[in-house]
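Here is a short report on one structure. Please look it over before reading on.

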Amino acid sequence: MDDLYREHILEHYKYPSNKGVLESPTISHEETNPLCGDRVRIDLLIDNDVIQDIRFSGEGCAISMASASMLTEEIKGRTVAAAKAFSKEDLLALIGIPLDKNPARLKCALLSLKTLKAGLYGVGIGTLRDDEV
Ligand code: ZN
């Protein structure tokens, strides 16, 4: 792993953005990645079709937590439609390390995005295919 990228991930892991819970979220959704033991909950406050506020909580490896931190920074202030359109590729570009040859780490990285999408669509994670994330 490239040192620069690793540092970027560790920074988000140590000093995450938007970590915590919302008092009265419009949507609150939690998913787990049993392969690694990661657990992510995402709380959304939606008003006028815009994600006014977002928090994540949970625990897991550095990649899963850093990914959630980066994702919440990106999603805050977007419309629901824009959040739904945020793709796996968009998230991987933010994370900045090549994970396509490492399926286990890829699941860690995508957990927060899957949790967000499952919450927005109001469905369980099992019904989302990888290419729908
Ligand atoms: Zn993990």
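## The zinc site

In sequence, the donor residues of the zinc ion follow the spacing C-x1-D-x22-C-x46-C. Donors are N, O and S atoms within 2.8 Å of the metal (3.2 Å for Na, K and Ca); water is not among the atoms, so sites may look incomplete. This is a predicted model: local features need pLDDT of at least 70, side-chain atom pairs count only at pLDDT 80 or more, and totals for chains, interfaces and linings use all residues. Residues are numbered from 1 along each chain as its sequence is written, and side-chain values use heavy atoms, with hydrogens and water left out.

The zinc ion is coordinated by C36 (SG), D38 (OD), D38 (OD), C61 (SG) and C108 (SG), at 2.1 to 2.7 Å. Two of these residues are listed with their accessibility.

| Residue | Relative accessibility | Class |
|---|---|---|
| C36 | 33% | partly exposed |
| D38 | 1% | buried |

Buried means under 20% relative accessible area, exposed over 50%, partly exposed in between (1.4 Å probe, protein chains only). Of the 133 residues in the chain, 44% are buried.

## Helices and strands

The chain has five helices and three strands. Helices (H or I, at least four residues) and strands (E, at least two) are DSSP runs, numbered from the N terminus. Their order from the N terminus is α-β-β-β-α-α-α-α.

Helix α2 (residues 62-75) packs with helix α4 (residues 88-95) at about 115 degrees, their axes 10 Å apart. Axes are lines fitted to C-alpha atoms, for helices over the stretch in contact, and angles run from 0 to 180 degrees between N-to-C directions. S67, M70, L71 and E74 of α2 make the contact with L91, L94 and I95 of α4. Contact means heavy atoms within 4.5 Å.
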